[in-house]
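Subject: Handover of a structure and findings

Dear colleague,

Please find the structure below for your records. My findings follow directly after it, grouped by topic.

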Amino acid sequence: MLLLSKEDIKEVFTMKDAFAADKDAFALFSAGKSDVPLRTQIMAPKQEGTFLFMPSYISDIDAAGIKIIDIFSKNIDKDLPTSSSQVILIDGETGIIIGILDGNYVTGLRTGAASGVAFDILGKKDAKIGALIGTGGQAAYQLEAMLCSRDLDEVRVYSRNHERTCDFVNRMNVEMADYGTKIIGVNSSDEAIDNADLIITVTPSTKPVFDGNKVKAGATVSCIGSYQPQMQEMPPEILTRASKLYFDSKDAVLSEAGDILIPLHDGTITEDKFTGDIGDVILGNLTGRENDEEIIVFKSVGIGTQDLVTAKAIYDKSKKNLIGTEWN
Ligand SMILES: NC(=O)c1ccc[n+]([C@@H]2O[C@H](COP(=O)([O-])OP(=O)(O)OC[C@H]3O[C@@H](n4cnc5c(N)ncnc54)[C@H](O)[C@@H]3O)[C@@H](O)[C@H]2O)c1
């Protein structure tokens with residue numbers, strides 16, 4: 001069995017590789033070629049924590065797996081990671097467990113890549129300004145994916161805690177200097193989204209984190225954070241203004257995410273508003289962006305197919321390059 005740490009994975013696998021894996025994953029999912037039961041959530045109310053178990057099997061790539069991810073948001077106050085995760089990879093031909101991969105890193109890559117793929121496929125070609133709301137564990141991956149998807153002049157970053165925003169921005173300006181994009185910390189979400197072409201929200205908020213009326217025509221918005229019925233980072237106005245609304249998986253989103261469930265239940269939107277899953281755009285079954293004026297929203301909660309395809313692609317590249325630790 002191959003053990004792959006974050007450092008191992010970094011040696012062989014880039015964000016662009018993760019885009020390719022997520023595109024394959026979304027296409028396989030929409031073609032009905034991945035067996036992905038809805039994930040099991042167990043709550044730990046005392047700690048406001050959640051244990052998530054995400055199994056999957058894809059015959060086409062001869063792989064199965066399960067990701068275990070535990071989300072304990074209060075850990076941020078104890079200077080501990082807010083999520084802990086491993087991916088267990090199984091050979092689909094023999095059923096033998098062949099790898100364990102750092103699940104936080106796989107999650108970061110495939111979740112960043114989900115926004116990246118959405119921008120790549122649905123974003124305006126000449127996007128120049130980005131906005132990132134949230135500076136927690138997922139934010140650096142989201143930022144890198146945004147920078148990989150378009151040649152941006154500037155990304156504005158906002159989160160609730162200004163000190164943490166400044167630390168994040170300083171770190172990112174060093175780590176992502178090669179992209180040549182100015183990364184700026186701002187004091188409000190209004191400032192962040194002003195004239196922005198690409199917007200990412202990546203928070204566990206239960207209240208909308210930006211003003212949907214202030215999003216400019218032609219913007220593409222990727223909402224990553226909400227995965228429980230009470231979580232709502234997306235303002236309902238953005239849904240009424242958007243001409244298209246795509247999902248990673250409509251079924252998964254409708255089973256979990258307040259972002260869509262709340263406005264659906266209070267009648268702000270109806271199911272007519274749903275365009276479909278992004279995998280169907282990749283497969284050519286659905287139209288994507290049709291002009292530079294339409295606002296497009298992508299909502300993701302994350303699907304096991306992304307983890308499995310990404311983990312298998314990392315495993316294959318690592319084997320080829322003799323990276324990782326063999327453990328028997
Ligand atoms: N869609 C997916 O596939 C996927 C994958 C992983 C994580 N997530 C979800 O994404 C969210 C963010 O994950 P994380 O690990 O970065 O979380 P985190 O707890 O580490 O960080 C959250 C960030 O959001 C900011 N924030 C919270 N409320 C805010 C508000 N009202 N306005 C502005 N900023 C606000 C916080 O200041 C912090 O910077 C979580 O809900 C997580 O479960 C989704």
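In this predicted model, seven strands form an open sheet with mixed pairing, in the order β2-β3-β4-β5-β6-β1-β15. Its edge strands are β2 (40–44) and β15 (325–326), each of which pairs on one side only. Helix α3 packs on this sheet and touches β4 (63–72), β5 (83–91) and β6. The direction of α3 makes about 90° with that of β5.

Strand β1 (residues 2–4) and strand β6 (residues 97–102) run parallel and are joined by three bridges. Along this pair, L2 stands opposite G99 of β6, and L3 stands opposite I100 of β6. Strands β5 and β6, by contrast, run antiparallel, with five bridges between them. Here Q86 stands opposite D102 in β6. The hairpin of β5 and β6 has five residues between the strands, and G95 in that hairpin takes a positive phi near 75°.

There is also an open sheet of eight strands, with parallel pairing and the order β9-β8-β7-β10-β11-β14-β12-β13. Strands β9 (182–185) and β13 (276–277) each have a single partner strand, so one side of each is left without a neighbour in the sheet. Five bridges link strand β7 (residues 129–133) with strand β8 (residues 154–158), and the two run parallel. In this pair, A131 has R156 of β8 as its bridge partner. Helix α3 lies across β10 (198–201), β11 (220–223), β12 (244–247) and β14 (296–299), and runs at about 160° to β11.

Helix α3 also packs against other helices. Such a pair is described by the angle between the two axes and the distance between them. Helix α3 (residues 103–122) and helix α4 (residues 139–149) pack at an angle of about 35°, and their axes are 8 Å apart. The crossing of α3 past α4 is right-handed. On the α3 side, the contact is made by G108, L109, T111, G112, A113, S115, G116, F119 and D120. On the α4 side, Y141, Q142, E144, A145, M146, C148 and S149 take part. Seven residues of this contact are nonpolar, seven are polar and two are charged.

Where α3 meets helix α11 (residues 304–320), the axes come within 10 Å and cross at roughly 115°. The crossing of α3 past α11 is right-handed. In this contact, V106, L109, R110 and A114 of α3 meet Q306, D307, T310, A311 and I314 of α11. The residues of the contact of α3 with α11 comprise five nonpolar, two polar and two charged.

Turning to the domains, the chain is divided into domain 1 (2–106 + 305–326) and domain 2 (124–302). Their C-alpha centres lie 23 Å apart. The contact between the domains takes 16 residues from domain 1 and 17 residues from domain 2. Which helix gives the most to the side of domain 1 that touches domain 2? That helix is α2 (residues 15–30), with eight residues. The domain 1 side of the contact divides into nine nonpolar, five polar and two charged residues.

Finally, the ligand is surrounded by 29 residues, of which the closest are G136, G137, T203, P204 and G302. The shell around the ligand contains ten nonpolar, 17 polar and two charged residues. Both domain 1 and domain 2 contribute to this shell, with at least three residues from each.

- The open sheet of seven strands, with mixed pairing.
- The open sheet of eight strands, with parallel pairing.
- The contact between the domains, with 16 residues from domain 1 and 17 residues from domain 2.

Yours sincerely

How values were computed
Residues are numbered from 1 along each chain as its sequence is written. This is a predicted model: local features need pLDDT of at least 70, side-chain atom pairs count only at pLDDT 80 or more; totals for chains, interfaces and linings use all residues. A residue is near a molecule or strand if its C-beta atom, placed from the backbone, lies within 6 Å of it. Ala, Val, Leu, Ile, Met, Phe, Trp, Tyr, Cys and Pro count as nonpolar, Asp, Glu, Lys and Arg as charged, and the others, Gly among them, as polar. Domain bounds come from an automatic or database domain assignment. Axes are lines fitted to C-alpha atoms, for helices over the stretch in contact, and angles run from 0 to 180 degrees between N-to-C directions. Helices (H or I, at least four residues) and strands (E, at least two) are DSSP runs, numbered from the N terminus. A crossing is left-handed if the near helix is turned anticlockwise from the far one by less than a right angle, and right-handed if clockwise. Two residues are in contact if their C-beta atoms, placed from the backbone, lie within 7 Å. Two strands pair if DSSP finds at least two bridges between them.
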